[in-house]
Amino acid sequence: MKAMIFAAGLGTRLRPLTDSLPKALIPVGGKTMLERVILKLRDAGIERMVINVHHHAEKIRDFLAMHNNFGVYISISDETAMLLDTGGGVAAAAPLLLDGVDEPVLIHNADILTDFPLADMMADFGLSDRDASLLIADRKSSRALLFDGDGRMRGWCRTDGSEIRPAELVADGLDQYAFGGVHIISPRVIEALVEYAAVNRNVFSITDFYIDTCKDFNYIGWPPAGRFAWFDIGRPATLEAARMWADSADAVNH
């Protein structure tokens, strides 16, 4: 299995920190978020990764070179000319992800700090015929993915009831779960992303793609078996919470 790390975001909500630093290089518990994600993927057995870059791209390149890519093979998907969002980012990176090897790809946001066991998610994907596994949790969120009783994604909604997609979807009986920014997709899905980008637009969210194609693909929600920590460090308050958790977790581990 390969991996793709989303590290191209502007991090506007973390200004002024991100005026001179990409969000992926913000330190949390003595390590940058990018380092934490790379090591997590490496520890799960993934040795080939693609990282997309845009905001302060040269600083990410220099950081990786300084650390010799942390002992794994890393390719850069360069979005310096235009930020492509998550779906467009995967479509643009397709030549690097589909380089003659028919393997699924684990996607991980660089701004997500979590401690659930990636190996369990990877093993579960390998034993199934699903097209994607999406990390989900029953946590408070303004938006949610909708799943049927078999765990298959059927759509998306705002949890205040103001919007549902697809518009014709009847949400009665469907379960709402927050998406966790970690997912595994098959090569078939990557090929569909490329086609979607060509027909629609080059800049789009992968969530929009999932919503528009869930009727045609088997997207399954994956909740970890036990309790797990999860932080999106994209806001000052959540960054501080992640730093406090990381400090305490690292202290326990040492």
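This section walks through helix packing, aromatic contacts and some backbone features of a predicted model.

Two packed helices are described by the angle between their axes and the distance between the axes. For helix H1 (residues 33-43) and helix H2 (residues 57-66), the axes come within 11 Å and cross at roughly 50°. The arrangement of H1 against H2 is therefore oblique, and the crossing is right-handed. On the H1 side, the contact involves Leu 34, Glu 35 and Ile 38, which meet Ile 60, Phe 63 and Leu 64 of H2. An α-helix has 3.6 residues a turn, so residues three or four places apart point the same way. H1 is mostly covered, with nine of its 11 residues buried. The buried set is made up of Met 33, Leu 34, Glu 35, Arg 36, Val 37, Ile 38, Leu 39, Lys 40 and Leu 41. Just after H1, the backbone at Gly 45 adopts a positive phi of about 100°.

The residue Thr 32 belongs to strand E3 (residues 31-32). With a relative accessible area of 11%, Thr 32 falls under the 20% cut-off and so counts as buried. Leaving aside residues up to four places away in sequence, Thr 32 touches Ala 24, Leu 25, Ile 26, Pro 27 and Phe 63. One of these partners, Phe 63, also takes part in the contact between H1 and H2. Thr 32 and Phe 116, in turn, are separated by 84 residues in sequence and by 19 Å in space, taken from C-alpha to C-alpha.

Across the whole structure, a search finds 10 aromatic pairs. In one of them, the ring centres of Phe 63 and Phe 70 are 5.7 Å apart and the ring planes lie at 45°, so this pair is tilted. Both Phe 63 and Phe 70 are buried, the latter with a relative accessible area of 9%. Phe 70 sits in the loop between H2 and strand E5 (73-78). The backbone of Phe 70 is worth a look too: its phi is near 55°, a positive value in a residue other than glycine.

The pair formed by Tyr 196 and Phe 209 has another geometry. Here the ring centres are 5.3 Å apart and the planes stand at 90°, so the pair is edge-to-face. Tyr 196 lies in helix H6 (residues 187-199) and Phe 209 in helix H7 (residues 206-213), and this pair links distant parts of the chain, 13 residues apart. Tyr 196 and Phe 209 are both buried. They also belong to a cluster in which ring pairs link Tyr 196, Phe 204, Phe 209, Tyr 210, Phe 217 and Tyr 219.

The contact draws on Val 189, Ala 192, Leu 193 and Tyr 196 from H6, together with Ile 206, Asp 208, Phe 209 and Asp 212 from H7. Ser 186 is buried, with a relative accessible area of 9%. Not counting residues up to four places away in sequence, Ser 186 touches Pro 104, Phe 125 and Asp 131.

Charged side chains also meet aromatic rings. Lys 40 is placed over the face of Phe 116, 5.4 Å from the ring centre, and Lys 40 is one of the buried residues of H1. For Arg 139, the charged end sits over the ring of Trp 230, at 3.6 Å from its centre.

A cis peptide bond connects Arg 15 to Pro 16, with omega about 10°, and Pro 16 is in the loop between strand E1 (2-6) and strand E2 (27-28). Another cis peptide bond connects Arg 165 to Pro 166, with omega about -10°; Pro 166 is in the loop between strand E11 (164-165) and E12. His 56 has a positive phi of about 50° although it is not a glycine. This histidine, His 56, lies in the loop between strand E4 (48-53) and H2, and at 18% relative accessibility His 56 counts as buried.

Key:
Residues numbered from 1 in each chain as written. Predicted model: local features only at pLDDT ≥ 70, side-chain atom pairs only at ≥ 80, totals over all residues. Heavy atoms only, no water. Phe/Tyr/Trp six-rings, centres within 6.5 Å; stacked < 30°, edge-to-face > 60°. Buried < 20%, exposed > 50% of the residue type's maximum accessible area, 1.4 Å probe, protein only. Helix = DSSP H or I, 4+ residues; strand = E, 2+ residues; numbered from the N terminus. Lys NZ or Arg CZ within 6 Å of the ring centre and 35° of its normal. Axes fitted to C-alpha atoms, helices over the stretch in contact; angles between N-to-C directions. Parallel < 35°, antiparallel > 145°, perpendicular 65-115°, else oblique. Left-handed = near helix turned anticlockwise from the far one by under 90°. Contact = heavy atoms within 4.5 Å.
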